[in-house]
Amino acid sequence: MAGASALYTFLPGITYAAAGNAAQQIAAGTSAVASPSFATPALVLPGQPIPCTASGSASIAGAWLQPAGKDQQIPLDHYLEKSLDLDGNSPEFLAPAQKLAPGLYDLYVTAERGGKQRTERQPHAVAVFESFPQDFTFGVISDVHFGDFRISSAIPDFDTAATVSKEISILNERGVQFCLCCGDLCNIPPKTKSELLEYMDILENQARFPVLSAPGNHDGYAAGAGGVKITSDTFEYWTKSLGPLFSETTFGGMSLIGINTFDKPAAERNLYGGIGDTIDQGAVQPAQLQQIDAALSRAAARPGAAIMFGHHNPTNTVVDQNGPFTIKPFSDTGRTQLLDLLAKHKPEAMFCGHVHGVFEETHAGTRIITAPTAASVPYDNSHPIGIYVVAVKNAQITNVETVEIARLG
């Protein structure tokens with residue numbers, strides 16, 4: 001193994017220094033592996049291969065798992081000496097020879113590019129289950145908004161971190177198999193990077209279940225002068241730390257598809273150049289629509305339900321009340337096409353957030369369920385601050401329970 005090696009992680013308080021300039025030159029801050037990742041964990045049984053997709057052209061010199069919170073290293077074969085690529089035929093990690101105990105595992109990968117190496121860490125990137133039950137519960141959380149001053153103005157001494165910790169504790173106690181997060185984890189640049197890390201830090205240290213996260217508009221805000229020049233792009237922090245903006249995961253026969261509903265060029269996400277009645281609106285571009293179509297087609301071949309999750313509801317049934325603006329949540333970019341895909345494939349449900357309220361409707365056979373805000377100002381100041389616990393029986397959703405944490409007034 002030639003070249004200097006460095007260990008990178010993306011969590012506050014656990015950052016390792018690079019060992020020499022050579023390692024720092026290997027696209028510092030990016031990951032060679034797109035998934036599994038913190039936001040797109042692999043959900044597997046003992047002995048199953050761990051699916052791996054690439055984010056670059058680095059080859060893998062070594063890979064191992066480490067049980068969350070422990071020092072034990074479990075080597076992984078690094079699949080046929082092949083380099084990671086984006087040709088759609090990325091290889092897979094092979095499961096280790098020893099039987100993995102159920103639980104959460106951090107993934108470590110030593111990537112090599114140009115004779116130089118570095119080791120990357122993705123916390124909670126692999127979740128091992130004893131089995132995939134047909135009857136179980138999962139959680140849904142949305143609109144955490146770390147750094148949002150509005151909630152502390154509405155509720156004196158409101159503590160966002162303590163509230164999220166309480167919600168994670170409830171999900172731990174309820175024994176959820178996994179949790180879906182529908183976006184808006186942070187607030188506005190330039191502090192969004194540290195706010196995303198705070199979200200990761202709480203989950204890594206407290207959650208006993210994997211969390212699949214889709215981005216919201218706050219997670220994609222860009223900043224720059226004159227409305228055009230971009231100096232900070234929160235999506236870059238997301239992809240470098242949490243994983244891809246679009247995801248496809250399976251829990252046994254159930255399909256979990258996370259979509260990016262703030263799919264816009266950076267100039268159109270420039271908060272300071274475009275703040276007003278359209279900056280927050282959702283959008284989905286043709287390339288992602290193709291991904292969604294393909295993922296839903298694959299889901300149709302599996303026995304369980306197809307569950308989508310994202311941030312904006314494309315029906316525009318409930319308007320977004322944002323200060324002086326009343327905004328339709330979704331723009332015309334991709335809205336009709338996304339609704340057409342729901343009608344074509346009929347996934348069982350799509351969970352979303354954005355409007356900070358508890359709503360449900362049905363579109364062409366798909367339940368569209370809007371989650372409350374987990375830690376920000378609720379819709380019309382009257383909806384609860386809270387989360388969902390979703391019951392599944394025979395691999396189909398049977399109940400969506402609102403767990404209320406707080407209310408205004």
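Modeller: Asp-159 caps the N-terminal end of helix H3, with a side-chain oxygen 3.1 Å from the backbone nitrogen of Ala-161. This is a predicted model: local features need pLDDT of at least 70, side-chain atom pairs count only at pLDDT 80 or more, and totals for chains, interfaces and linings use all residues. Residues are numbered from 1 along each chain as its sequence is written, and side-chain values use heavy atoms, without hydrogens and water.

H3 covers residues 160-174. Helices are DSSP runs of H or I, at least four residues, and strands are runs of E, at least two, both numbered from the N terminus. From first C-alpha to last, H3 reaches 21 Å, close to the 21 Å expected; the expected span is 1.5 Å times one less than the number of residues. After H3 comes Gly-175, with a positive phi near 70 degrees.

Now the buried side (buried means under 20% relative accessible area, 1.4 Å probe, protein chains only). Among the buried residues of H3 are Val-164, Ile-168, Ile-170 and Leu-171. Their cover includes strands E11, E12, E24 and E25, and helices H2 and H4.

The axes of H3 and H4, lines fitted to C-alpha atoms over the stretch in contact, come within 10 Å and cross at roughly 35 degrees. Angles run from 0 to 180 degrees between N-to-C directions. In H3, Ala-161, Val-164, Ser-165, Ile-168 and Asn-172 meet Glu-198, Ile-202, Leu-203 and Gln-206 of H4. Contact means heavy atoms within 4.5 Å.

Technical notes. Buried < 20%, exposed > 50% of the residue type's maximum accessible area, 1.4 Å probe, protein only. Polar contact = N/O pair within 3.5 Å; in protein donor to acceptor, adjacent residues only side chain to side chain.
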